[in-house]
Amino acid sequence: MTIAVYPGSFDPITLGHVDIAARAAAIFERLVVAVFDAPAKSLTFTSEDRIAMAREALAHLTNVEVIGFHGLTVDLARRVGAQVIVRGLRAVSDFEVEMQMAFLNRRMAPEIEVVCLPTSLEFSYLSATMIKEIIRLGGPTEGLVPHHVGEALRQKYLGDASTGPVPRFLNS
Ligand code: ADP
């Protein structure tokens with residue numbers, strides 16, 4: 001059985017991430033979406049919230065599991081018995097970073113392959129950072145993030161008044 005891990009910060013999960021996860025889940029028998037707890041960038045959501053949002057967004061994919069992790073991706077891959085690390089590619093800038101990471105991962109774990117899936121065209125311009133900016137400025141997020149993620153973002157950036165009740169998966 002081929003197991004793949006799809007690591008990232010997912011802060012928060014977007015429809016671009018969901019697209020990559022769905023396509024990877026169609027290739028591999030099991031996909032572990034791994035939410036990294038401490039990326040080298042400032043986070044909007046806690047690990048628990050990022051995991052909960054990803055779980056809800058991917059609940060329709062029966063061979064996908066969402067977990068949190070810390071440490072190296074290759075160590076996580078070995079722990080869950082994965083032979084493959086999946087990453088998504090949007091632009092040339094992603095390519096440079098992904099190549100560098102793939103070379104370093106290969107040095108540490110030559111038995112694990114990195115598979116990069118090119119984004120679907122409609123999500124090629126999508127990043128969590130841009131979505132946060134749209135939300136902050138009061139723009140619509142349909143077609144960019146799952147509905148529950150849009151709600152969580154609006155609550156985070158615009159406050160309770162604009163969104164009503166606290167989304168049920170958020171602790172804070
Ligand atoms: P990281 O902080 O590790 O880059 P991200 O959560 O930003 O984690 O992204 C996780 C993975 O998903 C990366 O491989 C990234 O290139 C990919 N990704 C992010 N946004 C998109 C998108 N819109 N379409 C396809 N892949 C994407």
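The model is predicted, so local features need pLDDT of at least 70, side-chain atom pairs count only at pLDDT 80 or more, and totals for chains, interfaces and linings use all residues. Residues are numbered from 1 along each chain as its sequence is written, and side-chain values use heavy atoms, with hydrogens and water left out.

**Exercise 1.** Determine how many residues surround the ligand, which elements supply them, and how they divide by class.

*Solution.* 
1. A residue is near a molecule if one of its heavy atoms lies within 4 Å of it. The ligand is surrounded by 17 residues, and the closest are Tyr6, Ser9, Phe10, Lys41 and Gly88.
2. Helices (H or I, at least four residues) and strands (E, at least two) are DSSP runs, numbered from the N terminus. At least two shell residues come from each of β1 (3–8), α1 (15–27), β4 (84–89) and α4 (92–108).
3. Ala, Val, Leu, Ile, Met, Phe, Trp, Tyr, Cys and Pro count as nonpolar, Asp, Glu, Lys and Arg as charged, and the others, Gly among them, as polar. The shell holds six nonpolar, six polar and five charged residues.

**Exercise 2.** Identify polar side-chain atoms that lie 2.7 Å, 3.3 Å and 3.2 Å from ligand atoms, and state what share of the ligand the protein buries.

*Solution.* 
1. A polar contact is a pair of N or O atoms within 3.5 Å; within protein, one must be able to donate a hydrogen and the other to accept it, and residues adjacent in sequence count only if both atoms are side-chain atoms.
2. Oxygen atoms of the ligand lie 2.7 Å from a polar side-chain atom of Ser9 and 3.3 Å from one of His17.
3. For Thr119, a polar side-chain atom is 3.2 Å from a ligand nitrogen atom.
4. Alone, the ligand exposes 550 Å², of which the protein buries 86% (Shrake-Rupley method, 1.4 Å probe).

**Exercise 3.** Classify Ser120, Pro118 and Glu142 as buried or exposed.

*Solution.* 
1. Buried means under 20% relative accessible area, exposed over 50%, and partly exposed in between (1.4 Å probe, protein chains only).
2. Ser120, in the loop between β5 (113–118) and α5, is buried because its relative accessibility is 17%. Its side chain makes a polar contact with the side chain of Arg23 (3.4 Å).
3. Pro118 belongs to strand β5 and is exposed, because its relative accessibility is 51%. Pro118 and Leu89 are 29 residues apart in sequence and 4.7 Å apart in space, C-alpha to C-alpha.
4. Glu142, in the loop between α5 (128–136) and α6 (147–158), is exposed at 67%.
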